[in-house]
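My entries follow in the order I made them.

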Amino acid sequence: MLPEDGVPQGIRPVGAAGAEDVRSQDKTPDTDTATPAETADPSAAGPGPVEAGPDPGSGPSGASGASGASGASDSTNSPAPAGPSGSASQNRWWIYRGSGQPLYDTTLRELLPDPPPWRRFTGGPVVPPPPADDDEVARRLGRPSGRSPASEQLRREADMVNAALLLRRPLLVTGRPGTGKSSLAYRISRELRLGRVLRWHITSRTTLRSGLYEYDAIGRVQDSAALRALHTAEGSPAAPRTADGPAAASDEQLPGIGDYVQLGPLGTALLPYETPRVLLIDELDKSDQDLANDLLSVFEEGQFPISELLRARRRHPRVTVLTDDPEGAAEITGGVVRCRAFPIVVITSNGEREFPPAFLRRCLRLHMPDPDRTQLVDMVTAHLAEGAATRAGDGGDLIEKFLRRSRERGGLAIDQLLNSVYLTTSGRLPADAGALDELVDALWHRLDGAGAESRPG
């Protein structure tokens, strides 16, 4: 079970350096004997009382649902106990709590301890933090809303996210299509305030190079030829001239190579940011079989060369290139991109094929099961108006039907439920119950490629 929060969401999570530290959190401190630091410093506050159980490592408060819907806990517990003495960011396990509420009294840079020695990277110069993308996050997750009591599955989800944070390792998220695997990246970014999520959607034609960077050699040649023609055109008013005639374009006047190099999502994530970027590698199992192996060295080394810049590094040791962010740019030194804070990499897979053992060894694995009724209600509430789940049928009967039909049809997607709830609560459909049932049943079509099924009964 997970502890209920006794403080507003976003307060710094208490650390769990060892079993004794966590067990000691079961007791609320006596204000008469508490130290001044425990009573005066609100940033030392942690989660509320932990329910006793065989697992000494408590869990996140109000962990996020499978769809990514999130919100503040409705807990009314007494004030939370102060953290153990000297348990600054180095001793906190619950960096990512799954509450869905952004950190507001601290930052990930303060909470995240130093990486393991074998995962330490020192790239530079440090690039500015990424832009925010609140509209995209809200589109995918909905608005923060009140959360239901967290489940064991959500505790395991937060466990694996925190392990990936501390170990600086990619997180491979598997599960049936439509269970909210991709939403995890946006939940992490929203809660830890990490800005725009970099999304790399994988197809059968995707290569490692396309994720790292692209170089528009043809565009550069065409632009250079056009500029030279402008300089040498006879009688052109724009053409610079010398005593002997039109002046030739100098190298400084030709387009710079950095204007034709654009980093991809993976390449942008490996820039030397002060805090990690969130990178979503979506549906890796749809890639060519070699892509997973090609990613190994990038994940292990945390860097990659740009061959076009390597060849020009003597004349241009520092080159500013474009990034995957809108109007983004970054300076590359020596033709090599070296990360500083290893990105939070969320890799999703629908289980269509197995990955090489060497690739799996470098990833942490998380399986996303089908969401239960409580999670579906939370998700509907986040995306639609408050009480939409209750208005969808008699007392939420539509959600019960969705769960039953999902079992019958081999699993349905979350957005299929959202579509049906939106239509049934819009007030625009006819009052004919039979017609409404037929429409909803048509929305809940199978996802495994089988033919349409007739509505039971």
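For the search, a 1 Å grid was laid over the protein atoms alone; a cavity is a set of points where a 1.4 Å probe fits but cannot get out, and lining residues have an atom within 4 Å of a point. Grid points are joined across faces, edges and corners, and a volume is the space filled by probe spheres set on the points. I noted two cavities of 30 Å³ or more in the structure.

The lining of the largest cavity includes Gly-124, Pro-125, Glu-331, Ile-332 and Arg-338. Strand E10 (329-333) and strand E11 (336-338) each give at least two residues to this lining. Helices (H or I, at least four residues) and strands (E, at least two) are DSSP runs, numbered from the N terminus. By class I have six nonpolar, two polar and two charged residues in the lining. Here Ala, Val, Leu, Ile, Met, Phe, Trp, Tyr, Cys and Pro count as nonpolar, Asp, Glu, Lys and Arg as charged, and the others, Gly among them, as polar.

**Source and confidence.** This is a predicted model, in which local features need pLDDT of at least 70, side-chain atom pairs count only at pLDDT 80 or more, and totals for chains, interfaces and linings use all residues. Residues are numbered from 1 along each chain as its sequence is written, and side-chain values use heavy atoms, with hydrogens and water left out. The mean pLDDT (the predictor's confidence in each residue, from 0 to 100) is 76, and 67% of the residues reach 70 or more. Residues 1-58 fall below 50, yet I find 125 contacts for this stretch beyond near neighbours in sequence; a contact means heavy atoms within 4.5 Å. Residues 452-457 also stay under 50, with twelve contacts beyond four places in sequence.

**Backbone.** I checked the peptide bond from Gly-124 to Pro-125: it is cis, with omega near -5 degrees. Pro-125 sits in the loop between helix H3 (108-111) and H4. Glu-283 is not a glycine but has a positive phi of about 60 degrees; I place Glu-283 in the loop between E7 and helix H10 (289-301). Glu-327, also not a glycine, has a positive phi of about 55 degrees and belongs to the loop between strand E9 (318-322) and E10.

**Largest pocket.** What is the volume of the largest pocket? I read about 570 Å³. A pocket is an open set with protein on both sides within 12 Å along at least five of seven lines. Of its 20 lining residues, Gly-178, Gly-180, Ser-182, Ser-183 and Asp-415 lie nearest the centre. Helix H4 (134-141), helix H13 (373-383) and helix H16 (414-424) each supply at least two lining residues, and H16 has the largest share, with three. The pocket lining has five nonpolar, nine polar and six charged residues.

**Sheet.** I traced an open sheet of five strands in the order E2-E7-E12-E1-E13, with parallel pairing; two strands pair if DSSP finds at least two bridges between them. Strand E2 (198-201) and strand E13 (364-368) are at the edges with a single partner strand each, so one side of each has no neighbour in the sheet. From one strand to the next the twist averages 20 degrees. Four bridges join E7 (residues 278-282) to E12 (residues 344-349), and Leu-279 is opposite Val-345 in E12.

Note on methods: Axes are lines fitted to C-alpha atoms, for helices over the stretch in contact, and angles run from 0 to 180 degrees between N-to-C directions.
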